[in-house]
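Good morning, and thank you for the time. I would like to walk through one structure, beginning with a sheet and then turning to charged side chains and a metal site.

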Amino acid sequence: MKIICIGRNYADHAKELNNPLPKKPMFFMKPQTSILSKNRPFFYPDFSKEIHYETEVVIRINRVGKHIEERFAHRYYTEIGLGIDFTARDLQRQCKAKGHPWEISKAFQHSAPLSDSFINKEDLPNDINFKLELNEEIVQTGNTKDMIFSVDKLISYVSQYFPLKIGDLIFTGTPAGVGEVKIGDNLKGYMEDKLMIDFRVK
Ligand code: ZN
């Protein structure tokens, strides 16, 4: 399986990082080894001094497909979860400055804490509220209606380049409010009122 992460899919987040609004979806990938499950602790890696959280709604693909038309894209997923796209912002800045690929800043081990439970989309509203609490304080809130590119558009676009397989995950982008984590922090992510992830940084 693969993890496809969408960048700059919320206008307010693109603005906070001084990035222009994309005309087409922008994405990158993380390997399976980036998943951190079961609310296990995240161990702060020694190669970075600036790890940022990015809270994202995650789509799990349930059918094989390529060149999927947008109007059929809804048939390719039923379950929605929540994840964190951890980013070593200091390394990312260095990679960008050199015009190098980002992988070391985005795809490192356990850079993708993921909820164990996924919710059937029938049991969620069309526009999903989600939020992150850092040490019991709300630091990020989002609603999927504010995505620049809808989930159906993302599935269609990504599948032009990469065939989608059962179990593939799409991290759909983060709203504004990204920031640093420190050792000892507790992160709690909610979708609507349901606690989806709850883990510590060690
Ligand atoms: Zn992200």
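Let me begin with the open sheet, which four strands form in the order S11-S10-S14-S15 with antiparallel pairing. Strands here are DSSP runs of E with at least two residues, helices are runs of H or I with at least four, and both are numbered from the N terminus; two strands pair if DSSP finds at least two bridges between them. The edges are strand S11 (137-143) and strand S15 (194-200), each pairing on one side only. From one strand to the next the twist averages 15°, with axes taken as lines fitted to C-alpha atoms and angles running from 0 to 180 degrees between N-to-C directions. Strand S14 (residues 186-191) runs antiparallel to S15 and is joined to S15 by six bridges. Gly189, for instance, has Ile197 in S15 as its bridge partner.

A word on provenance. This is a predicted model, in which local features need pLDDT of at least 70 and side-chain atom pairs count only at pLDDT 80 or more, while totals for chains, interfaces and linings use all residues. Residues are numbered from 1 along each chain as its sequence is written, and side-chain values use heavy atoms, with hydrogens and water left out.

Next, the metal site. The protein donors of the zinc ion are Glu54 (OE), Glu56 (OE) and Asp85 (OD), at 2.0 to 2.1 Å. Donors are N, O and S atoms within 2.8 Å of the metal (3.2 Å for Na, K and Ca), and sites may look incomplete because water is not among the atoms. The donor residues follow the spacing E-x1-E-x28-D. Glu54 and Glu56 are both buried, that is, under 20% relative accessible area, where exposed is over 50% and partly exposed in between (1.4 Å probe, protein chains only).

How many salt bridges does a search of the whole structure find? The search finds twelve, a salt bridge being a side-chain nitrogen of Lys or Arg within 4 Å of a carboxyl oxygen of Asp or Glu. One of them links Asp168 to Lys2, with closest N and O atoms 2.6 Å apart. Asp168 lies in the loop between helix H4 (151-161) and strand S12 (169-171) and Lys2 in the segment before strand S1 (3-7), so this pair ties together parts 166 residues apart in sequence.

Salt bridges that share partners join Lys30, Glu54, Asp85, Arg89 and Lys106 into one network.
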